[in-house]
Amino acid sequence: MAGTAAAGGTAALGTAGAGTARARERRPPQRAGRPSAAVLGGGVAGLTAAHELAERGFHVTVYERRALGGKARSMDVPGSAKGGRRPLPAEHGFRFIPGIYHNLPDTMRRIPFPGNARGVWDNLVAPGEMMFARTGGREDIRLPIPYPGHRPEELTPEELRRALTAALDTAFRLPFHETAYFVNRALVFLTSCDERRNGPWERTPWWDFTRAAEMSYDYQRILAVGITRNIVATKAEEASTRTVGALGEAFVFNALGRGADGPPDRLLNAPTNEAWLDPWAAHLRSLGVEFRIGWTVREVLYGDGRVTGVAVDDPGGVRRTVTADHYVSAMPVEHARRTWGAALRAADPQLGRCDLLQTDWMTGIQFYLTEPPPTVRGHFNCIDSPWSLTAIAQARHWPGRAFAADYGDGTVVDCLSVDISEWDRPGILYGRTAKQCTRTEVAREVWAQLKASVNDTGKAVLKDSALHSWHLDPGVDGLGTPNPVNEDELLIHPVGTFHNRPSAGTRIPNFYLSGDFVAVDIDLATMEGANASARQAVNALLERTESPAERCTVTPLYRPRELEAVKRHDRLRYRLGLRNIFDLG
C-alpha cells in the first residue's frame, strides 16, 4: 500500500511543507559506495523490488503507510484472542496463486522457511476441486481440477450422483449451438496474432465477443460472467477480450500441464503472514533492507530533470523529505498518481495516462464457524448471487493448524473467506446495493446469498447456529452513507486499458514504476503482475546505470509453440484487413 520514500543509508530527513524549495536542492546521499534505493510502498511490488535490489548490493529502505504486504497481507481480528491463542486471522481477500504464475513462485522459492527445501513455495497447497454453486434448487456443478500428477478429491456415491446431476442439468439447459459458438470464439482467440489481440480484441468487451446478450441465462452466468469473475475478477460487460482471453488461454494450458509452475488452483497452508509475508520481511532484513512502517508519501519531488526527494509524513504526522539515489514507486495506481505533481507529470506523459486507469471495489469478508462446513474442498463461485460471491473454507487447507486450538476463543473451527465482487447491484435481503448497506447489513446479506447458493437443495451446508462472528475488510468505510470509501480498490480492465498502462522505466532518470498497473505480460491486477513489474523496474534501473549486476528474470505467460504457425498466418490476414480464419462472426 501507500508507503513513503526510502532513503539511502543515512537518509537525509528534513522538514518539507513550506521548505519544499530547499528539498529540491538536495542531492542523493552516498553510503560507503553502495547506491541507495527508495521503495515507496510495502506491498508485493515493493517487497519484490526491495528483494531484487538488496540481492544486487543496493541499500534499500521501504516506506509503508500501513502494514507490509499491502492487499496481500492477513490481519488480526481485534479482541478475538482468548486463552493464550492467536487472534482470528482475517484478510482483504483470499489468496489465489495459480500455476500460470512463474515470477511470484520464483520469489517464494528464494524466501527461507524452516523445514522447507524450497522456501515458502513449499507452503502452497492445491485443492482438488472447485464448484459453481447454483440457486433455485439446482444442483451445484462440482469440477475436479485436472493436472498431471495431481490427485483430485474423491467423490462418495452421493456426491458423484449430485455432480453428474448438475453437469447434465446444465448441459441440457445450455443449447448446443451456444456451446458450439463459445468453443468457436475460444478457437478464434487462441489463433489470433498479437496485433489482433492488442487491437480489435482489446477494444471489444468479452460480453460482446461472446455475444452473451443474445444467449441463454446459463450461458451468460457460466461462460461470460462466471469466467470473468473467477479468473479475471472483473465485469464481463466491460472487460477487454484481450485480458479475459489471454488468462483463459493460460488456465487451459495450465490444466493440461503445459508450461505451468503447478496446478491451476493453489493457496497457502496457513494465514498469509505466517506462511509467507513474515518470513519474507525477516529475509529482507537479513539482506540489509530497512523498513519504515507508518510513513505516508505525499509528493514525489522533481527538479533539474530528476527526482530530488519525496515529501512524506512520518508516524507522528511531521512532514519530512527523504532522499536516495533511486526511487521505485510501488503503490497501487489510485494512491501513486496522487503523489505525482505537475512537474513530474510533464517530464513523462505516461504518468498522465495513468489517470485513465480505473479501479473498482472487490473486498473480502470472513465468517468464523463453530462447525466445519461440508462445502466443496476448494474455491466455489456463487454464480447466481447478485453480489458475485466467491469463497473458500480455509481451515481444511491448513494441515499444520488446529484452528480451535491456535486461534480465537477455542470454539471457532473454520474460516469461510468470501470475496464480494459486485457492490452496485441490489441484494436479496434488503434490496439495496452493498455500498448502501451498513457493515452489519453487508454481512447479513452475504450470508443470505451464500445460503441461497449452497443450501437450496435440501442440505444444510451453512447453519446460522454455527456462525460465530464475521470480519469485513477495515479498508471499507462509510457504508450506508452517501460517501462510502474503499482504501483497497482493485484495478479493472475495461476496453482500452492495455494502451494506458505505463512501462516500468520512466523518462525521469532515477524514477521507476512497479505495481499491478504497470505493463507486463500478465494483463491483470494480480500479485504476479506486481512481482513481474518490480523485476522490470529493477532491470530498467540496472540498464540505465549500466550496472554489471545480473538482470532479473521476467517470465511471460506460457504460449504453445504449436499455435505459432497459425498465428503467423493470422498476422498476414490481419494486415490484409481480413478476419481470423476461424471467425464466423
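**Reading salt bridges, strands and burial in a predicted model**

Me: I'm told this structure holds 39 salt bridges. What is a salt bridge here?

Reply: Side chains of opposite charge can pair when their charged atoms come close. The cut-off used is a side-chain nitrogen of Lys or Arg within 4 Å of a carboxyl oxygen of Asp or Glu. Before we go on, the ground rules. This is a predicted model, where local features need pLDDT of at least 70 and side-chain atom pairs count only at pLDDT 80 or more, while totals for chains, interfaces and linings use all residues. Residues are numbered from 1 along each chain as its sequence is written, and side-chain values use heavy atoms, with hydrogens and water left out.

Me: Okay, which residue forms a salt bridge with Arg 56?

Reply: Glu 52, with the closest N and O atoms 2.8 Å apart. Both Arg 56 and Glu 52 are buried (buried is under 20% relative accessible area, exposed is over 50%, partly exposed is in between, with a 1.4 Å probe and protein chains only). The two also belong to a salt-bridge network that links Glu 52, Glu 55, Arg 56, Asp 106, Arg 110 and Arg 535.

Me: Is Glu 562, by contrast, buried or exposed?

Reply: Exposed, at 52%. Glu 562 meets Arg 258 in a salt bridge of 2.8 Å, N to O. Arg 258 lies in the loop between helix H9 (241–255) and strand E9 (267–268), Glu 562 in the loop between H16 and helix H17 (564–575), and the two are 304 residues apart. Arg 258 is partly exposed, at 28%.

Me: Switching to sheets: what is the order of the strands in the open sheet of five?

Reply: The general rule is that two strands pair if DSSP finds at least two bridges between them. Here the order reads E10-E3-E2-E14-E24, with parallel pairing. E10 (290–293) and E24 (511–513) are the edge strands, each pairing on one side only. On average, neighbouring strands are turned by 20° against each other, direction ignored. Three bridges join E14 (326–329) to E24, and Tyr 327 has Phe 511 as its bridge partner in E24.

Me: Which helix packs on the sheet and touches E14 and E24?

Reply: H16 (527–544), whose direction makes about 155° with that of E24. Axes are lines fitted to C-alpha atoms, for helices over the stretch in contact, and angles run from 0 to 180 degrees between N-to-C directions. Contact means heavy atoms within 4.5 Å. Helix H2 (44–55) lies across E2 (36–40), E3 (59–64), E10 and E14, at about 170° to E2.

Me: How do I read the side chains of E19, which point one way or the other?

Reply: In a regular strand the side chains alternate between the two faces of the sheet. In E19, Asp 414, Leu 416, Val 418 and Ile 420 point one way, with Cys 415, Ser 417 and Asp 419 pointing the other way. Seven of the seven residues are buried, so E19 is largely enclosed by the rest of the structure. Antiparallel to E19 runs E16 (363–369), joined by seven bridges, with Tyr 368 opposite Cys 415. E18 (389–393) is also antiparallel to E19, through five bridges, and Ala 391 stands opposite Val 418.

Me: What about the loop after that, where Gln 436 lies?

Reply: That loop connects E19 (414–420) and helix H15 (439–454). Gln 436 is partly exposed at 45%. Leu 479 is 43 residues away from Gln 436 in sequence, yet the C-alpha to C-alpha distance is 6.1 Å. Beyond neighbours within four places in sequence, Gln 436 contacts Glu 441 and Gly 480.

Me: Last one: what share of the 585 residues is buried?

Reply: Buried residues make up 59%. The chain has 17 helices and 24 strands. Of contacts between residues at least 6 apart in sequence, 71% join residues at least 24 apart.

Key
Helices (H or I, at least four residues) and strands (E, at least two) are DSSP runs, numbered from the N terminus.
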